[in-house]
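Open the model in your viewer and keep the selection tool at hand. This tour goes stop by stop, saying what to select and what is there.

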Amino acid sequence: MKLLFKNKKEDLLSRLKKQDPAAQKIFYDQSVKKFLSVAKSYISDIYQAEDCVIKAFCKIFKHIESFRGEGNFEGWARKIVVNECLNFIKSHKTVFYLDDVHASVLEEIHDEQIAFDFNAQELLDQLPDAYRMVFNLYVIEEYSHQEIADTLNISTAVSKTQLFRAKEKLRKIYFQQQKKLKNEHI
């Protein structure tokens, strides 16, 4: 069944608010790949990421009336996906936040000349959960350290430490992969 919309986004949103199954299917089909990509950036197991996306869609459809039209609807829905992933991680895993890096160590590291021939998701999948959560919230979702601290019930210092360590770990993983590739081509 193909629906024709005059103003596609507004009409789709109004139909979603009326719990129209056809509109829900259209929104699902348009968004599922993007949302699964978001979930995979937090949860490395594809099946668990899929579960979070399905739960997020259920919450989106159930609570669509709470979207007040302030901002972008897709951004509002994406935030539900992120929160569902964070809730999953909190409830299924023990995440440790280490707080032992001194402020002097948190200075900005100069980026080295690097070739950009890598799969970012594969790199992110190798990060410990705590690093990956903070990295994603800061870099991808553009949360401030205070917002991350409030969301994860940690201090801003721990948020900064986890981000620093995530960047360091990503850099180390990346250079190890590049070294391995270079050795294979010799």
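**Stop 1: Val139.** Select Val139, which sits in helix α6. Helices here are DSSP runs (H or I, at least four residues), numbered from the N terminus, as strands are (E, at least two). Before going on, note that this is a predicted model: local features need pLDDT of at least 70, side-chain atom pairs count only at pLDDT 80 or more, and totals for chains, interfaces and linings use all residues. Residues are numbered from 1 along each chain as its sequence is written, and side-chain values use heavy atoms, with hydrogens and water left out.

Is Val139 buried or partly exposed? Val139 is partly exposed, at 40% relative accessibility. Buried means under 20% relative accessible area, exposed over 50%, and partly exposed in between (1.4 Å probe, protein chains only).

Together with Val139 they form a nonpolar patch on the surface, with about 230 Å² of accessible area. A patch takes residues with over 30% relative accessible area and no salt bridge; nonpolar side chains (Val, Leu, Ile, Met, Phe, Trp, Tyr) are joined within 5 Å, like charges within 9 Å. Areas come from the Shrake-Rupley method with a 1.4 Å probe, and for residues only the protein chains shown count as cover.

**Stop 2: Glu141.** Select Glu141 and Arg78. Their side chains meet in a salt bridge, 2.9 Å from N to O. Arg78 is in helix α4 and Glu141 in the loop between α6 and α7, 63 residues apart. A salt bridge is a side-chain nitrogen of Lys or Arg within 4 Å of a carboxyl oxygen of Asp or Glu. Glu141 counts as buried at 17% relative accessibility, while Arg78 is partly exposed at 26%.

Now pick Gly75, also placed in α4. The C-alpha atoms of Gly75 and Glu141 are 9.8 Å apart, though 66 residues separate them along the chain. Gly75 is partly exposed, at 36%.

Stop 3: How many salt bridges does a search of the whole structure find? The search finds nine. One of them joins Lys34 and Glu74, with the closest N and O atoms 3.2 Å apart. Lys34 lies in α2 and Glu74 in α4, so this pair ties together parts 40 residues apart in sequence. Both are partly exposed: Lys34 at 40%, Glu74 at 32%.

Next, select Glu168 and Arg171, whose side chains form a 2.8 Å salt bridge (N to O). They are three residues apart in helix α8, about one helical turn.

**Stop 4: helix α7.** Select His145, Ile148, Ala149 and Leu152, which are buried in α7. Look down the axis of α7: these buried residues fall within an arc of 100°, so they line one face of the helix. The arc is that of the directions from the helix axis to the C-beta atoms. Their cover includes α4, α6 and α8. Contact means heavy atoms within 4.5 Å. After α7 comes Asn153, with a positive phi near 55°.

**Stop 5: the core.** Finish with the largest nonpolar core, of 49 residues. Such a core is a set of buried Ala, Val, Leu, Ile, Met, Phe, Trp, Tyr and Cys residues joined through side-chain atoms within 4.5 Å. Helix α4 gives the largest share, 10 residues. Phe27, Tyr42, Ile60 and Phe73 have the most contacts inside this core. Select Phe27: among the residues Phe27 touches are Leu12, Phe57, Ile60 and Phe73, not counting residues up to four places away in sequence.
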